[in-house]
Amino acid sequence: MCHILIDRSLQYIEGTQRVLDEAATLENTQPHLKRIGVTRIASITELDRIGIPVFSAIRPSAADGAISIYSGKGASEGQARISAMMESFERCLAERVSVNADIDEEIAADEFIESSDKATEDHELLDVHSLLLFEPITSDKLVEWTKGWDLLQEKEIYVPSNAVHHPYDSPGMSAKLFRSNTNGLASGNVIEEAILHGLLEVIERDALSISEFNRNPGKELVLTENDGLSYELVKKFENAGVQIKLWYLQHDTAVTTILAATDDLELKDAALLVMGAGSHLKPEIAVRRAITEAAQSRVVQIHGAREDTDRESFVRQIGYERMKRMNRFWYDEGESITLDQINDISASTPAENIDVVLNELRKVADSAIVVDLSRESIGVPVVRVIIPGFEQYTLDRERVGKRLRQGRKSSASSEKPWKRQFGRNK
């Protein structure tokens with residue numbers, strides 16, 4: 001049984017987009033940390049001079065092929081601590097039982113191995129090629145399948161387990177379709193929060209992939225003192241001598257996606273040419289997520305402890321000036337937009353926010369699939385969200401779909417500032 005029912009009675013705390021405050025979230029989640037193998041949560045904010053809170057969580061028992069040091073960010077220490085904790089739950093529950101050192105409880109969803117030729121006789125399957133394979137496979141190949149729930153079609157559907165679990169090694173003679181990643185992996189106080197976060201992350205990665213592939217940064221977002229906390233967070237960068245450019249990314253949904261690109265003007269370190277991104281129905285939240293993630297990216301590079309940060313030596317070999325030139329479209333001047341010019345399409349309940357996102361997705365997608373990775377023994381809901389056809393170029397350069405190329409067409413109609421600069425320098 002994988003039918004996911006959305007609780008329409010849940011309400012957000014007034015003035016927030018959360019069903020619980022920080023204290024209640026910490027009280028509910030901290031008791032489960034030992035159960036998933038987390039041995040330490042610590043602030044690493046002071047490693048950098050920006051001062052935006054960043055925390056790390058250590059889970060030495062992580063499966064081979066996964067990372068064991070997770071990070072979290074936020075405008076407050078409580079938010080950053082919760083963020084690191086939630087990533088711990090996401091990563092742990094994404095591991096299948098056969099490689100998970102901490103949990104022996106299987107997910108509730110049915111899983112089996114069969115070729116699509118034979119499996120379609122009794123099950124509805126997602127077309128594996130809609131997941132942007134770097135090379136096609138024939139329908140007689142064995143594939144491992146996991147049952148999910150399609151929120152748009154309101155029906156059960158089996159998806160390749162390769163798109164569900166991370167890390168993923170195909171069992172037996174079944175095919176490994178691509179390198180697994182964590183796109184759409186999300187947690188929350190309730191499953192409705194997790195689903196919304198997962199949907200927004202897949203949209204964020206799609207928007208960022210299209211922008212990066214087409215070197216189209218969208219519109220430059222300019223903040224003022226009237227933008228409150230978002231403006232204060234930007235000033236923390238600027239006061240520390242770090243340039244931060246905010247971009248409102250072009251996308252074919254009305255969900256706001258913001259990109260924050262930073263450049264340490266004092267150190268001129270190639271490894272600190274880092275970015276952060278955030279998507280949300282409420283623009284100010286998308287902005288804060290992008291800014292705080294950029295701060296997290298800096299601290300993670302400085303910390304150098306995460307297993308997935310091997311870019312440091314590579315980009316330093318390339319050099320600061322060359323890296324800046326290669327990515328100059330993120331740092332040049334662009335057509336500007338203000339925060340109050342971006343539509344706030346958020347609602348007052350988790351269910352209504354999910355409805356808004358699904359209505360936007362109906363314009364461009366046929367399916368939005370959720371696989372529930374929660375375990376009864378762990379009191380934190382975790383899901384994997386899959387939107388077939390949505391891009392992941394920013395995570396995996398081998399997987400290129402139609403939406404990237406369509407983005408190239410739409411961005412060709414207006415000349416970009418970096419193109420004008422390139423022309424002058426020729």
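**Exercise 1.** Find the residue in β2 that is the bridge partner of Ile41, then work out the sheet around this pair.

*Solution.* In β2, Ile41 has Ala57 as its bridge partner. A quick note on the model: it is predicted, so local features need pLDDT of at least 70 and side-chain atom pairs pLDDT 80 or more, while totals for chains, interfaces and linings use all residues. Residues are numbered from 1 along each chain as its sequence is written, and side-chain values use heavy atoms, leaving out hydrogens and water.

Step 1: β1 pairs with β2 (residues 54-58) in the antiparallel sense over four bridges. Pairing takes at least two DSSP bridges between two strands; strands are DSSP E runs of at least two residues, helices H or I runs of at least four, numbered from the N terminus.

Step 2: the open sheet has three strands, ordered β1-β2-β3, with antiparallel pairing. Its edge strands, β1 (40-43) and β3 (69-73), each pair on one side only.

**Exercise 2.** Which strands of the sheet does helix α2 touch?

*Solution.* Step 1: α2 (residues 77-94) packs on the sheet and touches β1, β2 and β3, where contact means heavy atoms within 4.5 Å.

Step 2: the direction of α2 makes about 145 degrees with that of β3. Axes are lines fitted to C-alpha atoms, for helices over the stretch in contact, with angles from 0 to 180 degrees between N-to-C directions.

Step 3: helix α6 (residues 283-303) lies across β2 and β3, at about 140 degrees to β3.

**Exercise 3.** Where does Ile113 lie?

*Solution.* Ile113 lies in strand β4 (residues 111-115).
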